[in-house]
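Subject: Handover of a structure

Dear colleague,

Please find the structure below, which I am handing over to you. I would ask you to look through it before reading my notes.

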2 protein chains.
Amino acid sequence: MISERKKEIITIAAKLFKEKGYNAVSMRDLAQELGIKAASLYNHISSKQEILAIIILEVAESFTQHMQKTFPKNISVRQKLEEIIHMHIEITIQKTNYLACLNNDWMHLDEKNLAYYIEMRNGYEKQLRKIISEGIENGELEKRDEEIILFSLLSTLRTLYLWYSKKPSLKIELLKRDLTNTLLSGVIKA
Amino acid sequence: MISERKKEIITIAAKLFKEKGYNAVSMRDLAQELGIKAASLYNHISSKQEILAIIILEVAESFTQHMQKTFPKNISVRQKLEEIIHMHIEITIQKTNYLACLNNDWMHLDEKNLAYYIEMRNGYEKQLRKIISEGIENGELEKRDEEIILFSLLSTLRTLYLWYSKKPSLKIELLKRDLTNTLLSGVIKA
DNA sequence: GTCTATAGGTTGATAGAC
DNA sequence: GTCTATCAACCTATAGAC
């Protein structure tokens, strides 16, 4: 069980990690933001590492679960890609700071959690790659290098948090519509 | 003037910063990689900050210069975007580690250099935004939110280094062709 | 559940010998 | 141009009082 106080610590930590990075945020910084002393943090968490692991693994597991729900569906490749894009947008909006930590500080996980994270990331990419190659084979997608399609899609989705947090006025429905169209159909008028 | 030894220090530093981030690399780590002691580094550089600033500003200035060359050209919007995409690909290949530092550690620049960097980045985005809105107005580009086009393009180009370094077998010409097509025309077959 | 005090280690950087 | 020795500041984490 995670207490309310622990959740609060993790939420604030994620905000600070997003701004300055895991290594540049000290336990004193974190404690100060909560209005307590650094030593008091250890009544709620066991280490700085634990905070990082909770943040990163929560988002990573969320992506994995959603992918495993979408992957086996009996729908077109286009529909699968749309679902995945919308899922990334929703997680970005709900977990902006967590996502920033995952992107910037995953390499600072300890050995065991790092291995688990990389396993999840590889699994996710593998399934998305399979959706793309299915689309190329059945003619839904253009014949292009599948790694280029995979990573140009993923890199936009993974760094969405960077500019979404600068444009909070952007309506979710507009974002979903225009980003999906841009990623799937490009920008040049036919 | 930058001596050969100083260049070597900066090159190795960029490699380490890419792997672990600026704050997780100590002067002792850097010295060890060069086969000397940490104190000896200070015969060549004045501070750890100086190394970071040289790395980041060099790439940032390079992007700015190229954009200022492309921006005023009397060519179509499509051609301008193609030129910018190719420029990003070339800088990514030539300066992979420098680019990683710029992306991950720009916020650790000191006050003065941070202001200069942000000024350059804002200027770059402003000019690219202008190219995009020109394209929407003259009908070359689809009518979409211009911020969405701007940042979906930029986020792929900015994080290209992440996966290019994992796929060094990828031929530059294939990358230029398929990435340009994917970004400009999408992936769905018409 | 928070505090003070502190252990034990690492950090960036300097002084001065060679 | 590199070394050893060292400093002051900072780090994560623990012990024990309240």
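The notes that follow describe what was found in it.

This is a predicted model, in which local features need pLDDT of at least 70 and side-chain atom pairs count only at pLDDT 80 or more, while totals for chains, interfaces and linings use all residues. Residues are numbered from 1 along each chain as its sequence is written, chains are lettered from A and ligands numbered from 1 in the order in which they are written, and side-chain values use heavy atoms, with hydrogens and water left out.

I begin with chain A. Chain A has ten helices and zero strands; helices (H or I, at least four residues) and strands (E, at least two) are DSSP runs, numbered from the N terminus. The C-alpha trace of chain A spans about 60 × 35 × 25 Å along its principal axes. UniProt, in an unreviewed entry, lists residues 3-63 of chain A as "domain: HTH tetR-type"; its positions are given in the numbering used here, feature names are shortened, and annotations may be inferred rather than shown by experiment. Over residues 3-63, chain A is 74% helix and 0% strand, with its end C-alpha atoms 24 Å apart.

The term means a side-chain nitrogen of Lys or Arg within 4 Å of a carboxyl oxygen of Asp or Glu. A:Glu4 and A:Lys7 are separated by about one helical turn, because they are three residues apart in helix 1 of chain A. Over all chains, the count comes to 26 salt bridges.

Next comes the interface between the protein chains. Here 38 residues of chain A are in contact (heavy atoms within 4.5 Å) with 38 residues of chain B. About 3,900 Å² is buried between chain A and chain B, and carbon and sulfur atoms give 59% of this; buried area is the accessible area (1.4 Å probe) that two parts lose on being put together, summed over both. Two salt bridges are counted between chain A and chain B, and A:Glu147 meets B:Lys167 in a salt bridge (3.6 Å, N to O). On the side of chain A that touches chain B, helix 1 (4-20), helix 8 (146-158) and helix 10 (172-185) of chain A each give two or more residues. Helix 10 of chain A gives the most, with nine residues.

I turn now to the DNA. Around DNA strand C there are 15 residues, a residue being near a strand if one of its heavy atoms lies within 4 Å of it. Those that come nearest are A:Lys37, A:Asn43, A:His44, B:Met27 and B:Lys48. Sugar and phosphate make up 52% of the atoms of DNA strand C that come within 4 Å of the protein. A polar backbone atom of B:Met27 is 2.8 Å from a phosphate oxygen of DNA strand C, and a polar side-chain atom of B:Arg28 lies 3.1 Å from a base oxygen of DNA strand C.

DNA strand D is surrounded by 15 residues, and the closest are A:Met27, A:Arg28, B:Lys37, B:Asn43 and B:His44. A phosphate oxygen of DNA strand D is 2.9 Å from an N or O atom in the side chain of A:Tyr42, and another such distance, to the side chain of B:Ser40, is 3.0 Å. Helix 2 (27-34) of chain A and helix 3 (38-41) of chain B each supply at least two residues of the surface near DNA strand D.

A colleague

Notes. A polar contact is a pair of N or O atoms within 3.5 Å; within protein, one must be able to donate a hydrogen and the other to accept it, and residues adjacent in sequence count only if both atoms are side-chain atoms.
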